[in-house]
Amino acid sequence: MAAPILRYLWPSLAKRPAIIPTSLPKLPVRSFSTTPAPNATLNQVLRGCRKPQRARHAVSPALSDLKCPQQKGVCLKVGITRPKKPNSGERKTARVRLSSGRMITAYIPGEGHNIQQHSVVLVRGGRSQDCPGVRYHLVRGALDLAGVANRKSSRSKYGAKKPKKASVGA
């Protein structure tokens, strides 16, 4: 709207072809701070200021080293572990030798279990937060470890089948 008014006021603008710039001038890229970051001195480098960032360790190293979600293992010992400070109770754990040869301690989820020495179990990752040194869970309802009996909610996590409906009229 302003262009026709300008052409009316300055007729010399109407005769000139419009100049369209093909490339805009480059503006210098500025970081947040306008002062340049000083480079490290030789003494700082020699003292070791440039350290690479440490790699994050795996939660379940025995499984992540082989890149497998679960592994089969044989129970060597079944026992209990006392949880860390604010919690109390007895957490059921099993010492397992995996098929890869590694020895691990795994948590047995759910109430009650039927495993004993020489039972074949399936091990998945996932640590038990209040048990020190326990970085694995056993899979309920797989191989020798039975599912939790009389489980109504979260049945898939504990290997429990759907309860039978009571038949009415029979």
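Reply: What follows is a short talk through some features of this model, which is predicted.

Me: How many salt bridges does the structure hold?

Reply: As a general idea, side chains of opposite charge can pair when their charged atoms come close. In this structure there are two salt bridges, and one of them joins the side chains of Asp-65 and Arg-102, with 2.8 Å from N to O. Asp-65 sits in the loop between helix H4 (61–64) and strand E1 (70–81), while Arg-102 sits in the loop between strand E2 (91–98) and strand E3 (103–107), so this pair ties together parts that are 37 residues apart in sequence.

Me: Which residues form the other pair, and where do they lie?

Reply: The side chains of Arg-91 and Asp-130 meet in a salt bridge at 2.7 Å, N to O. Because Arg-91 belongs to strand E2 and Asp-130 to the loop between strand E4 (120–125) and strand E5 (136–138), the pair ties together parts that are 39 residues apart in sequence.

Me: Is Asp-130 buried or exposed?

Reply: Buried means under 20% relative accessible area, and Asp-130, at 13% relative accessibility, therefore counts as buried. Arg-102, at 36%, counts as partly exposed.

Me: Where should I look for a positive phi in a residue other than glycine?

Reply: One case is His-118, with phi near 75 degrees, which is found in the loop between E3 and E4 and is exposed, with a relative accessible area of 60%. Another is Ser-154, with phi near 55 degrees; Ser-154 is found in the loop between E5 and helix H5 (155–158) and is partly exposed, at 41%.

Technical notes: Residues numbered from 1 in each chain as written. Predicted model: local features only at pLDDT ≥ 70, side-chain atom pairs only at ≥ 80, totals over all residues. Heavy atoms only, no water. Salt bridge = Lys/Arg side-chain N within 4 Å of Asp/Glu carboxyl O. Helix = DSSP H or I, 4+ residues; strand = E, 2+ residues; numbered from the N terminus. Buried < 20%, exposed > 50% of the residue type's maximum accessible area, 1.4 Å probe, protein only.
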